[in-house]
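Thank you all for making the time this morning. I would like to take you through a few parts of one model, beginning with a whole chain and then turning to a strand and a pair of helices.

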Amino acid sequence: MSPQEDNRVPPGTGATTPPTRRQARQSDRKDEVRTEKAAETADGALPPPAAAAPEPETASQTLLQRIMTGNALVAFLSVVLSLILGGLLIAVTDPAVGRASSYFFTRPQDTLGAAWSAASNAYIALFQGSVINVRGTSFTSVIYPLTQTLTVATPLICAGLGVALAFRAGLFNIGAQGQILIGATFAAWVGFTLHLPAGLHLLLVVLAGMVGGAIWAGLVGLLKARTGAHEVILTIMFNYIATNLVLYFLSTSAFQRPGSTNPISPQLDGTAVYPLLLGPAFRLHWGFVVAVVATVFVWWLLNRSTIGFELRAVGANASAARTAGISVSKGYILAMAIAGALAGLAGVAQVSGTEKVLTSGVAASFGFDAITVALLGRSSPWGTFAAGILFGAFRAGGVTMQASTGTSIDIVLVVQSLIVLFIAAPPLVRALFRLPVPGAVGKGSTTPRTPASTGAAA
Amino acid sequence: MKLELIGITKRFGSLVANDHIDLVVEPGQVHSLLGENGAGKSTLMNVLYGLYDPSEGEIRVDDEPVVFKGPADAMAAGIGMVHQHFMLVPVFTVAENVALGNETTKAGGLLNLARTRERIREISDQYGFAVDPDAVVEDLPVGVQQRVEIIKALVRDAEVLILDEPTAVLTPRETDELLGIMGQLTADGKSIVFISHKLREVKAVSDVITVIRRGKVVGTAEPSASTTELASLMVGRSVSLTLDKAPATPGEASFRVRDLVVQAANGQRVVDGLSFDVSQGEILAVAGVQGNGQTELTEAILGLQDHVSGSITLDGVELVGRSVKDIIRAGVGFVPEDRSVEGLVGSFTVAENLVLNRYDDAAFARGLSMSPAAIRKNAEEKIEEFDIRTQSASSAAGTLSGGNQQKVVMARELSRPLKLFIASQPTRGVDVGSIEFLHRRIVAERDGGTPVIIVSTELDEVLELADRIAVLYRGRFMGIVPGTVSRDVLGLMMAGMPADEALAQAHDVQGGDL
Amino acid sequence: MSTATTTTATGTGTGTSGVRSWKNPIILSVVALFCLVVFALGAPGNSVTFRLSEADDAIVLPSLVVSAPIIGWVCTLVMLALAVLAVVRTRAGVRTPTWVPAVFAVLFFIAFLTWVVGSARTPNVALYGLLAGSVTLAVPLIFGSLSGVLCERSGVVNIAIEGQLLFGAFAAAVAASLSGSAFVGLVAAAAAGVLVSLVLAVFSIRYVVNQVIVGVVLNVLVSGLTGFLFSAVLSEDSQRWNSPPRLPVIRIPFLADIPIIGPILFEQTIVGYLMYVAVAVVYVALYHSRWGLRTRAVGEHPKAADTLGVNVNRRRFVNVLLAGVVAGVGGSFFTLVAVSGFGKDMTAGQGYIALAALIFGRWNPIGAFFAALLFGFATNLSNVLSLLGTPVPDQFLRMLPYVVTVFAVAGLVGRSRAPGASGIPYIKG
C-alpha cells in the first residue's frame with residue numbers, strides 16, 4: 001500500500017468542477033486546510049506509511065521529530081518525576097529509614113519522616129552545591145556553587161553541541177567520549193610541549209583540541225560515507241580505541257611526565273590554560289565563554305548557513321538531498337568533523353580549564369553525559385546549552401551532596417538517565433500524570449506528530 | 001465462498017477513507033475494484049484482510065458475520081491477499097516464506113519444511129508456476145515472486161484472493177499470464193478481488209466492476225462498459241483523455257546520449273548501450289515496465305549513478321563524471337520518480353523545499369549566510385503561480401497532499417532557466433485535477449523550447465504527452481517510435497519486441513487486447 | 001506457458017561480469033607485505049616454546065618448540081602466494097574463493113603468535129592456559145552477544161547488553177550473598193537481565209523510543225543505580241550484602257583430562273556449561289524451529305510477518321525478555337565465577353565488546369561465539385604478554401576487538417549484513 005494512496009485522500013483537490021478558477025480556489029483552500037489537519041491527525045493516529053516506511057532515514061527522522069517536538073510541560077514533569085524517583089531511592093537506602101522501618105507498623109510516621117529528611121537533605125545539599133550556598137558568609141561563597149555549575153557545564157555544553165549537531169545531520173554520535181579524549185590529547189601535547197607566548201599558545205591549544213576531535217570524528221564520518229558502516233557501532237568502537245590509544249601515548253616519553261611511571265602527562269604551560277573568568281576565587285574559566293560562543297555559532301550554522309541547510313537536508317532525507325545536488329558523503333564527514341571539533345573543545349575545557357594535565361580519565365564521563373544533554377536539549381543549540389547547565393548543576397551539586405550527606409554522586413546518573421528516558425516517551429509521562437493526549441486518539445497514538453519544521457528548533 | 005462487505009467505514013481521525021462501502025463477491029467471480037490512486041481501495045482491502053479494524057460495518061462470509069482481529073483470522077476464513085508490494089522476506093527461501101505463519105513442525109517445535117516443499121510443488125504443478133521451493137526470494141524475478149505470493153495464499157486454502165494492483169510490476173506478457181492464472185483459479189471455484197486503476201485490464205478479466213471514488217462506491221459496471229464510461233465514473237466527471245497540445249516544433253538536438261551503459265553494484269548492465277537525441281521543443285517519452293532501467297537512465301543523466309560509461313552531452317558539454325550539483329547548475333531540471341523520498345524533505349518547510357537545490361544561489365544566500373526573507377518571498381510567488389494548496393510557506397512539505405507535493409517539486413524545477421527537463425512518473429499518485437495542471441506545465445516547458453524527457457510506466461500518460469516514444473526493455477531501447485503509435489505496438493515493444501517487428505505484427509493482428 | 005515465463009523471468013539475472021572489487025586482493029597484499037617486514041624479516045632469531053600441558057596433568061604432552069624465523073617465513077610466503085592468487089583471480093574477473101581469506105587469517109594468526117611470543121623476554125608460553133583463559137574471558141561476551149542475537153534478529157537493537165550484564169552481576173552478588181546460595185544468585189541474575197530488558201522493550205516497542213537511545217541511557221541508568229546501591233548499601237555491610245559464594249567448578253572425570261580441550265569443555269562452572277548449551281540451543285532454534293523462522297521474519301520484514309498473522313511486537317517483546325535472561329546469566333559470571341563480589345562498573349565495557357562480537361560474528365550465534373572467543377583470546381594474550389614482556393604495547397592488543405569490529409562493519413573483513421529491520425520500530429498500519 002502506498003502512503004499517499006489511501007490515507008491522505010485529498011477532498012478539495014479532487015474532482016470539483018469549478019465555475020471559475022478563482023472561486024474554486026478560495027473554497028478549496030478552506031477545504032484544503034481542513035484536509036491537511038485531517039491528514040496530520042491521521043498521520044499521528046495511524047503511524048503513517050509515509051512516516052514509518054521501513055527505511056533508515058525515517059528511523060532517524062522519527063528520532064529527530066521526537067527530540068524536537070516534545071513539549072515543555074513533558075520536559076518539566078520528566079525532571080520532577082525523575083527527582084522523585086531518585087529521592088525514593090535515596091530514602092529507601094538510607095540507614096536511618098531502615099532503622100525506623102523496623103517498627104514501621106507501630107510508628108509509621110518515623111519511617112516517613114526519616115525518608116523525607118534523607119531525600120530532602122540530599123536534594124538541599126545538591127541545590128546548595130550547584131546554585132547558591134545559603135549558608136555562605138561572603139558573596140563569593142554564596143555564588144561559588146553557581147560558578148562551579150557553569151565550570152562543569154562547559155565541557156557538557158561543548159560536547160553536547162557536537163552530539164546535537166550530528167543528530168541534526170541524521171548521525172547518532174555516541175563517540176563524544178573518544179573525541180574529547182583525542183581532542184584533549186592534541187591540546188595537552190601542544191600545551192606542554194610547545195612553549196609559546198601567551199595568547200598565541202592558548203589559541204594553538206584550542207585549535208589543536210578542535211583538530212584532534214575533528215580528525216577522530218571525521219574518520220567515523222569518512223568510514224560511514226565510504227563504506228556505509230553504521231556510525232553507532234563505529235563511534236562506540238572508536239571510544240574504546242581512543243581510551244587505549246591515550247593510555248599508550250601516556251606510556252611513551254613524548255607524553256609521560258618525566259620521572260614518573262604513572263600514565264600522567266606534565267602540567268600544561270601557564271600560557272596554555274584558560275585564564276580564570278572571575279578571578280582566583282572561582283574556578284570558572286574562559287572556556288565557558290568559548291562554550292557560549294560555540295552555542296551561538298552552532299545556532300547560526302544550523303539555521304542560517306548553507307552548510308547547516310545541507311546538513312539538515314542530509315539528516316532529514318538523504319536521498320532527497322542527494323537528488324538536490326547535496327553531497328551526502330560530504331555532509332556526513334563534515335557533520336562528524338564539526339561535531340568532533342566541538343567535542344574537542346570539551347577536551348580543551350578539561351585540560352586547559354580544570355585538570356591542566358592529561359590522564360586517560362580526563363574526559364570523565366562527559367562524552368556519555370553529552371548524549372543525554374543533547375537528547376534533553378532536543379538537539380537544538382540553546383536547548384543543549386540549557387540542558388548542559390542543568391546537568392552541570394547536578395554534577396557540581398552531586399559532589400557537595402556526597403561530601404555533606406554521604407549520598408553517592410551516582411544518584412545523579414540515575415536521575416539524569418531517568419529524565420532522558422521519560423522525555424523520550426511523552427505518552428508515558430502523560431499517562432502517569434493523567435494529562436490529556438494532544439491530537440487524535442486512536443490506534444498507536446503514541447507516535448509523534450509531524451513537526452512543524454526542523455528549522456524552528458532553537 | 002460468498003463474501004460480503006456491508007456498510008464498511010474506515011476513519012483515520014477526521015479523515016474518512018472508506019464511507020459505507022457495500023460489496024458482494026460471488027464464488028467463482030472476478031470482482032474488480034476500480035478507482036484512482038487514493039480512492040480508498042487499498043484501505044478497504046486492508047480492512048477485509050484484518051489489517052485495519054473497520055470503524056463501522058460488517059463483513060460476512062457465506063452470510064455469517066465475521067470479525068477479523070488480524071490477518072490470521074482473515075486467512076482462517078479463507079481470504080488470501082497478494083499485496084502490491086510483495087510481503088516476502090527477501091533473504092528467505094520460497095519454502096520458508098510459504099511456511100511462515102503456517103508452519104508444520106516435527107517434535108520439539110522443529111520445522112518440517114519438507115512438507116511445505118511438497119505443497120509448493122503440488123500447487124506449482126497444478127497451475128504451471130515452475131517455482132523452485134529452495135530458491136532464495138531476493139534472487140527471483142518479480143513475476144515469480146508474485147507467484148510465490150499466490151502460492152502462499154493457496155497453501156492456506158484461500159477461497160477469495162485479493163490481488164492489489166498486481167500488474168503494476170509486470171510486462172504485458174506477464175500480465176497476460178497472470179490473467180490466465182486468474183481464469184484457472186476462478187474455474188476452480190475460487191473468487192478474486194482484482195484491484196486496479198487500469199481500465200483495459202479490468203475490462204478484460206472482470207465479471208463485475210465496482211467503482212470507488214473518494215472512499216465511496218459510486219457505481220457498478222459491466223465489463224462491457226466503454227472505457228470512457230468507466231473513466232468518467234472513476235474520476236467523477238467527464239474526462240477528456242487527450243490534452244490540447246500543439247504539434248511539436250523541434251529545434252536543434254541539444255541533448256545527446258551516446259553508448260550509455262550503467263552498471264548496478266552487482267555488475268549487471270541495467271542500462272545497456274543507449275544512444276539517442278532530444279531536440280529543443282520536443283517531448284521524448286521513455287515507456288516500459290517498471291524496473292527496465294528507467295530509474296538508472298534518469299539518474300545517470302543527473303549524475304546520481306556510480307558506474308556509468310558512454311557520453312551524455314548537453315549543448316555540447318559532457319555531463320558524465322560531473323557532480324549532481326554541476327549538472328543541476330548546467331540547467332538540468334529533474335523530477336524524481338518518488339517525490340516523497342527523492343524530491344522533497346518532508347520535515348522541511350514548503351519554502352525550504354522550493355529552494356532545495358538552489359539554497360546557495362546568489363539569490364538566496366550571500367556566502368555561507370542564507371537569506372530567509374528571499375526564500376520566503378520566492379515561496380510565496382511559487383505558491384501563487386503553481387496553485388500549491390498549503391496553509392503557509394512554513395508548513396512542512398510532508399503535510400501536503402500528493403498532488404501538491406508534486407507541484408512543489410515541479411515549481412522548484414521549472415522556475416529556473418532550463419536546458420533539459422526530465423520528469424519521472426510526473427503524475428504517479430496524483431489526483432486528476434493536478435494531473436491536468438502538471439501536464440499543461442510540462443507542455444508549456446516544451447513550447448518554451450526546452451528538450452523534455454518524460455519517463456512513465458502509464459501508457460496513457462506516455463501517449464498523451466509524447467512527441468516521440470522510446471521503449472526501454474532490460475536496459476535497451478526496443479526502438480523510438482512517433483508519439484502517434486498504437487497501444488498494441490507499444491505493448492509488444494514493452495515485452496521485448498523490436499519496433500519494426502512490433503509494427504509489423506500489430507498490423508497483422510488488429511484489435512489485440514493489450 | 002511455464003517455459004515462456006521462465007525465459008522472461010531469468011532475464012534480469014544476466015550479464016554479471018562487471019564491477020570488479022579490488023578490495024580483497026589489496027587488503028591481502030598489504031597485510032602480506034606487512035607480515036614480510038615484521039614477522040619474516042623482523043623475526044626474532046630464537047625458538048619459541050608452546051607448552052601443551054602441565055607437568056602434573058594426567059596426560060602430559062611434550063612442549064612444542066618451533067623456530068620463530070622459520071614459522072615467520074613459511075607463513076609469510078604462503079600468505080604472499082595467496083595474495084598473488086587473489087590479485088590474479090580478480091584481474092581475470094573471477095571471484096576469489098572464500099577459503100583464501102580464511103587460510104590467510106589462520107596463517108596470520110600463527111605467524112603473529114609465534115612472532116609476538118618469540119619477541120618476548122621469555123619466549124615460552126603455556127598454550128593450554130592461553131586457550132583456557134580465553135574461553136573463560138569469553139564466557140560473558142558470548143552470553144552478551146547471544147542476547148544481542150536474540151534482540152537484533154527480531155529487529156530490536158540491543159545497546160543495553162552492558163547494562164544487562166552489569167545488573168545481572170549485581171543481582172547475582174546480592175541474591176547469592178543474602179541467600180547463601182550461588183544458584184539463587186544465578187536465578188536472580190537472570191531476573192535482573194529481564195528487568196533491564198523489560199525497560200528496553202517497553203520504551204522501544206511500546207513507546208517507540210529510538211532503540212539506540214534507550215540502550216545507551218539504560219547503560220547509564222544501570223551504572224548509576226548499581227553504583228549508588230553499591231556505595232549506599234553494599235559497602236556499608238559487605239559481609240551481608242556482597243560476599244556471594246562462588247559457583248563450584250564441575251569437573252567431568254576422564255574427559256577433563258584430555259589435553260588442551262579437556263579443561264575448556266569439561267571443567268567449568270554451571271555458567272560455563274550453560275554457555276555451550278545456550279549457543280547450541282539458540283543456533284538450532286533460530287534456524288530450525290518455528291520460533292526461529294518467525295523471529296527472523298520479524299527482524300527482516302516485519303510487515304510480511306504481520307500479514308501472515310505473526311504478532312510482530314509481541315514476538316519482539318518476548319525475544320527481548322529472553323535476551324535479558326541470557327545476558328543476566330552472563331552477568332552472574334562476574335560475581336559468581338570470576339571474582340567473589342560486586343565492584344562498581346565491574347563489567348568495564350564487556351557489553352560493548354559483546355556487541356562487537358555479535359557484529360563480527362554476523363548476527364549468527366556460532367559466528368558470535370567464535371568472535372567472542374577471538375576477543376577473549378586477544379584480552380587474555382595481552383594479560384599473558386604483559387607478564388612475559390612483549391614488544392607490542394598491551395594497549396594495542398586490548399584495542400584489537402574494537403579495531404577488528406571497525407574493519408568488519410566497514411566491510412574490509414567480510415561483509416556484515418544486519419537483519420533488515422533491525423533498529424526500526426514496527427508500527428502497524
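How many helices and how many strands does the secondary structure of chain C come to? Before I answer, please keep in mind that what you have on the screen is a predicted model. The count for chain C is 17 helices and five strands. Its radius of gyration is 24 Å, which is close to the 22 Å that the globule rule gives for 429 residues, and chain C is therefore as compact as a globular protein of that length. If you follow the C-alpha trace of chain C along its principal axes, the spans are about 75 × 60 × 40 Å. Of the 429 residues in chain C, 54% are buried, and when we take the contacts in this chain between residues at least 6 apart in sequence, 76% of them join residues at least 24 apart.

Let me now move to chain B, and to strand E21, which covers residues 468–473. Six of the six residues of E21(B) are buried, so the strand is largely enclosed by the rest of the structure. In a regular strand the side chains alternate between the two faces of the sheet. Here B:Arg468, B:Ala470 and B:Leu472 point one way from E21(B), while B:Ile469, B:Val471 and B:Tyr473 point the other way, and all are buried.

Which strands pair with E21(B), and in what sense? Strand E13 of chain B, residues 283–287, pairs with E21(B) in the parallel sense over four bridges, and within that pairing B:Ala287 has B:Val471 as its bridge partner. Strand E22 of chain B, residues 476–482, pairs with E21(B) in the antiparallel sense over five bridges, and there the bridge partner of B:Arg468 is B:Pro482. E21(B) and E22(B) form a hairpin with two residues between them, and B:Arg474, in the turn, has a positive phi of about 45 degrees.

Finally, I return to chain C for a helix pair. Helix H12, residues 290–300, packs against helix H14, residues 312–338, at an angle of about 110 degrees, with the two axes 10 Å apart. That angle makes H12(C) roughly perpendicular to H14(C), and the crossing of these two helices is left-handed. On the H12(C) side the contact is made by C:Arg294, C:Thr295 and C:Val298, and on the H14(C) side by C:Val312, C:Arg315, C:Arg316 and C:Asn319.

Notes: Residues are numbered from 1 along each chain as its sequence is written. Chains are lettered from A and ligands numbered from 1 in the order in which they are written. This is a predicted model: local features need pLDDT of at least 70, side-chain atom pairs count only at pLDDT 80 or more; totals for chains, interfaces and linings use all residues. The radius of gyration is taken over C-alpha atoms; the globule rule is 2.2 Å times the number of residues to the power 0.38. A residue is buried if 20 or more other C-beta atoms lie within 10 Å of its own, exposed if 12 or fewer, and partly exposed in between; C-beta atoms are placed from the backbone. Two residues are in contact if their C-beta atoms, placed from the backbone, lie within 7 Å. Two strands pair if DSSP finds at least two bridges between them. Axes are lines fitted to C-alpha atoms, for helices over the stretch in contact, and angles run from 0 to 180 degrees between N-to-C directions. Angles under 35 degrees count as roughly parallel, over 145 as roughly antiparallel, 65 to 115 as roughly perpendicular and the rest as oblique. A crossing is left-handed if the near helix is turned anticlockwise from the far one by less than a right angle, and right-handed if clockwise.
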